[in-house]
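Let's take a walk through this structure together. Have the sequence and the 3D view handy as you read.

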Amino acid sequence: MHTYHMTRVSTNTKTGPIPVTTISDNSCPVICPLKKKGCYPEYGPLAMHWRAVSAGTRGGTLDELCVKIKALPKRQLWRWAQAGDLPGDGTLIDFAALAQLVEANTGRRGFGYTHYDPFIAHNAMAIRYANERGFIINLSANNLAHADQLAALGIAPVATVLPIEWSPERTPEGRHVAECPANVRDDMMCANCEICAVPMHKSIIGFRAHGSGAKKAQIVFFARTPKLIESHEPTPIEA
Ligand code: SF4
């Protein structure tokens, strides 16, 4: 069971003044290499808020969150999970919960990122389902080679961690890498950039490791590229 919180007007300087959600930390997938190892909201200004949401003392149920999403104006840009991830058990995305979010987002422009493993067929199906219906879930890569693997799936746009002092222009397979402009310009934020909310945008969005966990986070970038694993058998949802 997760706890879901919406801040109607964010004071996060990276997102700008748009609605943002925070999801309890039990939504984070087990394979996320940033868990306790440089994940930005564990260290940054979000930490106290995320702890309260994770403890269940702030926020509410998925049903309550969906009421709030449906109350947003049409075409509203909003950020899914400034901390946390998609609903799920840590390995498999909870498709029913995701479908509820997709339905609530209809006509709005929700976007976010996931570290859920898209090489698991069930997760790939769920992520594709959301993206095809306008709830844009970017796949989070650990480095450039991983970004190539994720982009080759063709189910969702891709973002990646970047090291502290290097902003590459291309992946090993030649895909364009665009550093998040909010990392480099004070006047840019999600509210006026919106790239991550564009369906199947082609550039790999790079997030430079930053904050007090930056040194730990960039270790993820320089670690060996994860080997591709075989997809699990399709679940009944996909049958
Ligand atoms: S690339 Fe643009 S939309 Fe994506 S996180 Fe950065 S500022 Fe926000």
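The expected span of a helix is 1.5 Å times one less than its number of residues. Helices (H or I, at least four residues) and strands (E, at least two) are DSSP runs, numbered from the N terminus. Residues are counted from 1 along each chain as its sequence is written. This is a predicted model: local features need pLDDT of at least 70, side-chain atom pairs count only at pLDDT 80 or more, and totals for chains, interfaces and linings use all residues.

As for pLDDT, that's the predictor's confidence in each residue, from 0 to 100. Its mean over the protein chain is 89, with 86% of residues at 70 or more.

Now the sheet. Eight strands make an open sheet with mixed pairing, ordered β1-β2-β3-β4-β5-β6-β8-β7. At the edges sit β1 (4-7) and β7 (177-179), each pairing on one side only; two strands pair if DSSP finds at least two bridges between them. Further in, β3 (residues 77-83) runs parallel to β4, joined by three bridges.

Next, helix α5 (residues 121-132): its 12 residues reach 16 Å from first C-alpha to last, close to the 16 Å expected. Its buried residues (20 or more other C-beta atoms within 10 Å of their own, with C-beta atoms placed from the backbone) include His122, Ala126 and Ile127. Just after α5, glycine 134 has a positive phi of about 90°.

Helix α6 (residues 144-153) also has buried residues, among them Leu144, His146 and Leu150. Just after α6 comes glycine 154, with a positive phi of about 70°.

Technical notes. Buried ≥ 20, exposed ≤ 12 C-beta atoms within 10 Å, placed from the backbone.
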